[in-house]
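Q: Hi! I'm new to this one, could you walk me through it?

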Amino acid sequence: MSISITDIEQLEDALQQATLSGDVDALDKYLDDRLIAIDPFGRRMDKQGTLDFYRSCILKLDRIELLDRTVTLMDNAAAVCWSGRLTGTYYGENFSEKLAYSRVWSLQAGKWSLILIHSTRITM
């Protein structure tokens, strides 16, 4: 199977739309059962914890402004690093933060899924 940067960017865009709309069913499709997710506060979640987080509406995103994105392709994986400004509510409080993300997509049995998500606040 041929992998292109455009394919990965389309997956990232679809994931972003699912995140913005709080579409837990779509998120479930993209997250690998082996997922490790680290949020900007250093908390680690697995796939179920991540889905429960979105299902509970603790975080509601109104906007994601992509500032930059780099995709590195490997044989059966892709690493994506991006930064952006996220705006929304977290535990009912409004926020607007610049964040940096690293994600690793894995290709298994013809299906792409996320196995690693790491995010951090940009303070500079």
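A: Happy to; we'll go through some strands and then a pocket. Keep in mind that this is a predicted model.

Q: Thanks! How do β3 and β4 pair?

A: Strand β3 covers residues 59-73 and strand β4 covers residues 77-90, and they pair in the antiparallel sense over 13 bridges. Within that pairing, Thr 70 stands opposite Cys 81 in β4.

Q: And what joins β3 to β4?

A: A hairpin does, running through 3 residues.

Q: OK, which way do β4 and β5 pair, parallel or antiparallel?

A: Antiparallel, over 14 bridges, with β5 spanning residues 93-108. Here Leu 86 stands opposite Glu 97 in β5.

Q: What about the hairpin of β4 and β5, how many residues are between the strands?

A: There are 2 residues between them, and in this hairpin Tyr 91 takes a positive phi near 50°.

Q: Switching topic: what volume does the largest pocket have?

A: About 580 Å³.

Q: Which residues lie nearest its centre?

A: Pro 40, Tyr 54, Leu 59, Tyr 101 and Ser 119 do, out of 30 residues that line the largest pocket.

Q: Where does the largest share of the lining come from?

A: From β5, which gives 6 residues to the lining of the largest pocket. At least two residues each come from α1 (5-21), β1 (31-38), α3 (47-55), β3, β4, β5 and β6 (111-121).

Q: Last one: what's the lining like by class?

A: The lining of the largest pocket has 20 nonpolar residues, along with 4 polar and 6 charged ones.

Note on methods: Residues are numbered from 1 along each chain as its sequence is written. This is a predicted model: local features need pLDDT of at least 70, side-chain atom pairs count only at pLDDT 80 or more; totals for chains, interfaces and linings use all residues. Side-chain values use heavy atoms; hydrogens and water are left out. Two strands pair if DSSP finds at least two bridges between them. Helices (H or I, at least four residues) and strands (E, at least two) are DSSP runs, numbered from the N terminus. On a 1 Å grid over the protein atoms alone, a cavity is a set of points where a 1.4 Å probe fits but cannot get out, and a pocket is an open set with protein on both sides within 12 Å along at least five of seven lines; lining residues have an atom within 4 Å of a point. Grid points are joined across faces, edges and corners, and a volume is the space filled by probe spheres set on the points. Ala, Val, Leu, Ile, Met, Phe, Trp, Tyr, Cys and Pro count as nonpolar, Asp, Glu, Lys and Arg as charged, and the others, Gly among them, as polar.
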